[in-house]
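Where does this protein leave space, and what surrounds that space?

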Amino acid sequence: MFITFEGIEGSGKTSHVRSTAEFLRDKGHECIITREPGGTRIGEKIRAILLDPLSKDMGPLTELLLYTADRAQHVSERILPLLAAGKTVLCDRYFDATMAYQGFARGIDTGLIDKIHGLLFENLRPDLTILLDLPAEIGLARAWKQINKGARNNEETRFEEETLSFHKKVRAGYLEIARLEPERFRIIDASETEKDVREKIIETLSDAIKGLF
Ligand code: TYD
């Protein structure tokens, strides 16, 4: 079972991936948490280049190819072997992030991104994707609050430093992708309290995984 978590900055993916893993482990599923970019030793190095605020002059195609390189390593080194071993893989961002950020927000042809995914990754898609949705203003404010109090790595702020209009495009992109694949996506309102969002995710998941496990 391959489950991904997506959403704009400050949507709370990272803490909800963890609480979801706890819930599934309690139910007896062997869960592994991973993330993109990162998730492998090489991927963590690629992540540092991608998220470094000093990488501001990176071109959109370079960005797309670095996310793709990170994914190539991640899919072959971790995701496929873990799925083959029967594990449940919970991934903090995956292909939909490339569609939303590099496609809808940066303006790279989404058909090209889709084609690359099909050619390189045999179109490997998650069984289920939880989209944590909230207005970009609220998400960005939350993200900056965490960065300023040291709860987030301040060497990884290149995307948080993008304009509000960029993040609005990311959000709209995610909602559009989710609309096109309603059977895979579950949209959760992430503007509520952490506890309320957690309960909603667990409710949604309990329902959605009945047919998947
Ligand atoms: P992440 O670490 O999940 O951010 P945070 O924990 O701060 O929410 O993701 C890092 C950034 O990488 C995030 O701003 C979104 C971006 N990203 C892309 O632009 N394309 C991609 O394909 C992926 C996986 C992430």
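Helices (H or I, at least four residues) are DSSP runs, numbered from the N terminus. The model is predicted: local features need pLDDT of at least 70 and side-chain atom pairs pLDDT 80 or more, while totals for chains, interfaces and linings use all residues. Residues are numbered from 1 along each chain as its sequence is written, and side-chain values use heavy atoms, without hydrogens or water.

A cavity is a set of points, on a 1 Å grid over the protein atoms alone, where a 1.4 Å probe fits but cannot get out; its lining residues have an atom within 4 Å of a point. The whole structure holds one cavity of 30 Å³ or more, and the largest cavity contains about 50 Å³ of space, a volume being the space filled by probe spheres set on grid points joined across faces, edges and corners. Helix 5 (110–121) is among the contributors of at least two lining residues, and with four residues helix 5 gives the most. Among the lining residues are L64, R71, T98 and F121.

The ligand is surrounded by 18 residues, the closest being E9, R47, R93, T98 and R152; each has a heavy atom within 4 Å of the ligand. Helix 4 supplies the largest share of this shell, four residues.

Technical notes
1 Å grid on protein atoms, 1.4 Å probe; cavity = no way out; pocket = protein on both sides within 12 Å on 5 of 7 lines; lining within 4 Å.
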